[in-house]
Amino acid sequence: MTAGSRTHPDHNLSTAPYIRTQIACAGTWAGSERAASLLELPGMLAWVHSTPAGSSKVGGDVHYVSVCPGCVVSRVALADVSGHGKAVSTLAGELRQLMQRYLPELEHDGLMRDLNQAVQGGLDGVHYATMVAVGWHDERRSLLLANAGHPIPCVFKAKRKEWTWLEINPEPRRPWPVGVPLGLFACADYAKTAVKLQAGDLVLLYSDGVTESTNPAGDELGPDGLMNLVRQIDCGSAEGLGVQLTSALRGFRGGAEAEDDETIIVLERVSTDSDQPLCKRTRRRIL
């Protein structure tokens with residue numbers, strides 16, 4: 001378990017209390033907590049739920065949240081390591097160091113490149129990791145996402161009340177593989193996509209333990225099943241979506257515990273002073 005994590009024995013998130021934490025400038029949050037956590041970032045809320053499978057306190061999922069010293073750029077990373085034990089702790093340590101190194105940068109190029117090399121050199125050549133990295137620039141209201149073989153995130157646009165996938169279309173004619181999991185190739189590119197977020201918009205990140213959930217008949221939920229679930233849920237807040245989604249997943253499994261590590265991160269764009277016209281912000285400061 002990495003620094004800053006919290007644990008709670010109760011898996012019933014409809015009754016279990018969540019932990020609310022404000023991430024200050026250059027603050028960080030990481031770990032595999034069993035209770036839900038609501039993190040306050042500049043212009044955004046992050047609802048985080050991570051439950052290792054079985055009785056293990058630490059699973060193969062690793063997540064990390066950070067805010068730059070200027071309180072403008074926030075980073076969120078969610079990785080899924082093949083296997084448990086040393087491979088997970090190795091990736092968690094490397095991810096923590098690299099997130100600190102690239103803290104002020106919105107772009108993911110350096111982070112993904114260095115992390116890919118660290119996974120290749122630090123693991124045993126058998127393990128690999130999928131990861132999705134998100135950078136949020138509060139003043140630009142822009143979210144930048146890079147994906148290394150991780151399940152595709154989805155976004156809810158509040159004005160249209162519509163869910164869509166945040167897919168990345170790689171640029172053609174790249175000299176090496178694009179978007180593959182970390183650690184598989186010495187050289188790899190990680191294409192990115194950007195999306196503008198308005199107040200009330202939500203972004204859903206999750207590990208494959210969510211989409212690979214099975215019902216009592218043995219049928220897998222899959223990406224389409226996940227999309228059908230979230231379209232039936234109240235999307236008024238990150239916390240509301242997260243709590244209802246975990247409950248819906250448990251219902252899909254017939255009340256059974258998850259067989260794989262399950263991590264859900266819901267990002268919610270919230271209103272800030274930067275949403276006001278410049279003349280109104282200036283007037284507020286004068287007053």
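Cys 235 counts as buried because its relative accessibility is 10%; buried means under 20% relative accessible area, exposed over 50%, and partly exposed in between (1.4 Å probe, protein chains only). This is a predicted model: local features need pLDDT of at least 70, side-chain atom pairs count only at pLDDT 80 or more, and totals for chains, interfaces and linings use all residues. Residues are numbered from 1 along each chain as its sequence is written, and side-chain values use heavy atoms, with hydrogens and water left out.

**Around Cys 235**

Cys 235 sits in the loop between helix 4 and helix 5. Helices (H or I, at least four residues) and strands (E, at least two) are DSSP runs, numbered from the N terminus. Leaving aside neighbours within four places in sequence, Cys 235 touches Phe 156, Trp 163, Leu 202, Val 230 and Leu 241. Contact means heavy atoms within 4.5 Å. Lys 157 is 78 residues away along the chain, yet its C-alpha atom is 9.7 Å from that of Cys 235.

An open sheet is built from 7 strands in the order 1-3-4-13-12-9-10, with mixed pairing. Two strands pair if DSSP finds at least two bridges between them. Strand 1 (19–22) and strand 10 (162–165) are at the edges; each has a single partner strand, so one side of each lacks a neighbour in the sheet.

| Strand pair | Sense | Bridges |
|---|---|---|
| Strand 3 and strand 4 | antiparallel | 5 bridges |
| Strand 9 and strand 12 | antiparallel | 3 bridges |
| Strand 12 and strand 13 | antiparallel | 5 bridges |

Strand 12 is mostly covered, with 5 of its 5 residues buried. Leu 202, Leu 204 and Tyr 206 point one way from strand 12, while Val 203 and Leu 205 point the other way. Leu 204 is the bridge partner of Cys 154. Leu 204 also stands opposite Val 266 in strand 13.

**The nonpolar core**

The largest nonpolar core has 26 residues. Such a core is a set of buried Ala, Val, Leu, Ile, Met, Phe, Trp, Tyr and Cys residues joined through side-chain atoms within 4.5 Å. Helix 1 (86–101) is among the elements that give two or more residues to this core. The largest share, 6 residues, comes from helix 1. Leu 95 is one of the residues with the most contacts inside the core. Beyond its neighbours within four places in sequence, Leu 95 is in contact with Val 62, Tyr 64, Ala 77, Leu 115 and Met 131. In soluble globular proteins, nonpolar side chains tend to be buried together.
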